[in-house]
Amino acid sequence: MDSTIIQPLHLAWCSGALSGAPLLTKSTTLQDLPGVFADHTCWQSLAGSKPVYHVEMFATPDRPGELYTGVTHLMPGKVGEEFFMTRGHFHARREQGEVYIGLRGEGLLLLQDEQNSTRLERVYPGSVHTIPGFTAHRLINTGNEILSALAVWPCSAGHDYSALKNGFALRVVDDAGSVRVMEVNHD
């Protein structure tokens, strides 16, 4: 029996910083998000290299049974009146779920099933969100600071962005300092 005590991976709860193992990072800028925001003219006029969000995750072996652990850091900002958000996705293996835990900032988690039924959950430090299989998900930053959320999901889940080519059925906008949710007509 090996009685060695190992140092586990680490998450700084207040900032969402990960440490203790090699990390993979990915940054997404406005230019990486064509068609995501409703106001295409405004989207085009903004600096294309402006960061919208970045993700850092532990470099976990990609094999069945393993879990990815990562943090999304979503910047505050808007395109027109629409709040910054992640691209959003279904999992390629639709039956795979995911867990989000709010670390800092405030925002919303938009959930949408394959029949376009939607719901929104408030995200804030300490909030826990169980995203069921067969459910697309997107983070939306409705606050004035970075919204960070820890995510844990199966390595086998994958991402399917093409299933949302028409976008989500809801949009979240700033309406004179208040958050307003609008339904989208995809006809």
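I start with a turn: in the hairpin of strand 14 and strand 15, with two residues between the strands, A176 takes a positive phi near 55°. Strand 14 covers residues 170-175 and strand 15 covers residues 178-183; the two run antiparallel and are joined by six bridges. Within strand 15, R180 stands opposite V173. Strands here are DSSP runs of E with at least two residues, helices are runs of H or I with at least four, and both are numbered from the N terminus. Two strands count as paired if DSSP finds at least two bridges between them.

Some housekeeping. This is a predicted model, in which local features need pLDDT of at least 70 and side-chain atom pairs count only at pLDDT 80 or more, while totals for chains, interfaces and linings use all residues. Residues are numbered from 1 along each chain as its sequence is written, and side-chain values use heavy atoms, with hydrogens and water left out.

Now the whole chain. The C-alpha trace spans about 60 × 35 × 30 Å along its principal axes. Of the 187 residues, 43% are buried. Buried means under 20% relative accessible area, exposed means over 50%, and partly exposed is in between, with a 1.4 Å probe and protein chains only.

Next, strand 5. Six of its eight residues are buried. Strand 5 is joined to strand 4 by five bridges, in the antiparallel sense; E56 has V71 of strand 5 as its bridge partner. Strand 5 also pairs with strand 13, again antiparallel, over eight bridges, and there G70 is partnered by A151.

Where do the nonpolar residues gather? The largest nonpolar core has 37 residues, and F37, F84 and L139 have the most contacts inside it. Among the elements that each supply at least two of its residues are helix 1 (40-45), strand 9 (107-113) and strand 14. A second, separate core of six residues includes L18, F58, L103 and L150. A core here is a set of buried Ala, Val, Leu, Ile, Met, Phe, Trp, Tyr and Cys residues joined through side-chain atoms within 4.5 Å.

Last, the largest pocket, which holds about 410 Å³ of space. It has 22 lining residues, and V55, T72, H89, H159 and Y161 are the closest to its centre. Strand 3 (23-29) gives the most to this lining, with four residues. By type, the lining divides into 10 nonpolar, nine polar and three charged residues. Nonpolar covers Ala, Val, Leu, Ile, Met, Phe, Trp, Tyr, Cys and Pro; charged covers Asp, Glu, Lys and Arg; the others, Gly among them, are polar.

For the method: on a 1 Å grid over the protein atoms alone, a pocket is an open set of points where a 1.4 Å probe fits, with protein on both sides within 12 Å along at least five of seven lines, and lining residues have an atom within 4 Å of a point. Points are joined across faces, edges and corners, and the volume is the space filled by probe spheres set on them.
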